[in-house]
Amino acid sequence: MILIGHRGLAGLAPENTLSSFRAAHAHGLAMVEFDVRLSQDGVPLVFHDDTLERTTDGAGPVAGRDWADIARLDAGSWFAPAFAGEKVPSLEQALGLCLDLGLAVNMEIKPDRGREAGTAETALALALRLWPDGVAPPLVSSFDAPCLEAARRVAPHWPRALLLESLAPGWRDQAQGLDVGALHLDHRPLRAERVENARGAGFQVRAYTVNDPVRARQLRDWGVTGVFSDFPHSS
Ligand code: G3P
Ligand code: MG
């Protein structure tokens with residue numbers, strides 16, 4: 001089972017920053033997940049929330065600010081003074097660093113309403129342009145079906161995963177219709193039988209966000225092949 005650093009390695013460095021990717025690498029992780037959304041002027045950047053308050057010294061919707069404004073914000077002080085001056089990375093900066101470090105990537109696409117396909121198309125077009133031949137391509141995931149449809153159009157051979165909070169009725173048809181190879185599921189309602197159902201339907205299962213190594217081992221024993229974690233732990 002692979003341990004995937006969540007938002008870089010969000011327990012040890014400010015989430016979704018270059019420092020968090022460096023922390024993941026320094027702790028021996030081979031793969032990171034991060035969130036991708038668009039600025040007002042359509043630049044793909046790495047950021048979780050749809051507003052700036054929680055993790056920067058800015059305020060208001062990310063989608064209401066141009067990249068040049070967002071790039072000036074402090075995205076580290078909220079986490080710890082040692083990270084003061086840390087910036088919100090552009091997707092280009094994030095992918096460049098991950099390639100330099102040899103970190104495998106899971107790009108989670110987080111669209112604003114009305115920009116679902118556009119967010120995925122922009123992010124994927126950039127990633128396709130940057131990605132070298134011979135390096136395993138990023139895994140693209142989203143809670144949003146139109147994002148995954150757009151990813152399939154733009155980069156049909158890149159792996160895709162559908163994010164779900166639970167296996168609600170219709171999950172199988174949805175996942176099959178989107179032609180994804182994996183489900184990324186909230187670990188909390190996950191049970192052995194649900195993992196078995198998902199795997200029986202032909203999907204790999206990865207689970208978020210698992211910070212307890214005992215739980216991670218249980219999930220592994222059920223057939224979960226990856227867990228997203230804020231902390232390094234052996235599982
Ligand atoms: O991609 C797994 C996980 O990151 C999904 O939840 O809210 O942390 O993006 P969230
Ligand atoms: Mg995420």
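Okay, before anything else, a definition: a helix axis here is a line fitted to C-alpha atoms over the stretch in contact, and angles run from 0 to 180 degrees between N-to-C directions. Helices (H or I, at least four residues) and strands (E, at least two) are DSSP runs, numbered from the N terminus.

Now the housekeeping. This is a predicted model, where local features need pLDDT of at least 70 and side-chain atom pairs count only at pLDDT 80 or more, while totals for chains, interfaces and linings use all residues. Residues are numbered from 1 along each chain as its sequence is written, chains are lettered from A and ligands numbered from 1 in the order in which they are written, and side-chain values use heavy atoms, with hydrogens and water left out.

Let's go to the helices. The axes of helix 3, residues 91-101, and helix 4, residues 116-130, come within 10 Å and cross at roughly 35°. That crossing is right-handed, meaning that the near helix is turned clockwise from the far one by less than a right angle. Who touches whom? On the helix 3 side we have Leu91, Glu92, Leu95 and Leu99, and they meet Ala123, Leu126, Ala127, Arg129 and Leu130 in helix 4; contact means heavy atoms within 4.5 Å. Sorted by type, that's seven nonpolar residues, no polar and two charged. For the sorting, Ala, Val, Leu, Ile, Met, Phe, Trp, Tyr, Cys and Pro count as nonpolar, Asp, Glu, Lys and Arg as charged, and the others, Gly among them, as polar.

Helix 4 also packs on helix 5, residues 145-154, at an angle of about 35°, with the axes 8 Å apart. This crossing is right-handed too. Helix 4 brings residues including Ala117, Ala120 and Leu124, and helix 5 brings, among them, Pro146, Cys147 and Ala150. The tally for this contact is 10 nonpolar, no polar and three charged.

On to the strands, which pair if DSSP finds at least two bridges between them. Strand 1, residues 2-5, pairs with strand 9, residues 226-229, in the parallel sense over four bridges, and Gly5 has Ser229 as its bridge partner there. Strand 1 also runs parallel to strand 2, residues 31-38, joined by two bridges, with Ile4 partnered by Met31.

What's around ligand 1? His6, Arg7, Glu33, Asp35, His48, Glu108, Lys110, Leu163 and Tyr208, each with a heavy atom within 4 Å of the ligand. Polar side-chain atoms lie 2.6 Å from a ligand oxygen for Glu33, 2.7 Å for His48 and 2.8 Å for Glu108.

Tyr208 comes up again: a cis peptide bond joins Tyr208 to Thr209, with omega about -25°. Thr209 sits in the loop between strand 8 (204-208) and helix 8 (213-222).

How values were computed. Polar contact = N/O pair within 3.5 Å; in protein donor to acceptor, adjacent residues only side chain to side chain.
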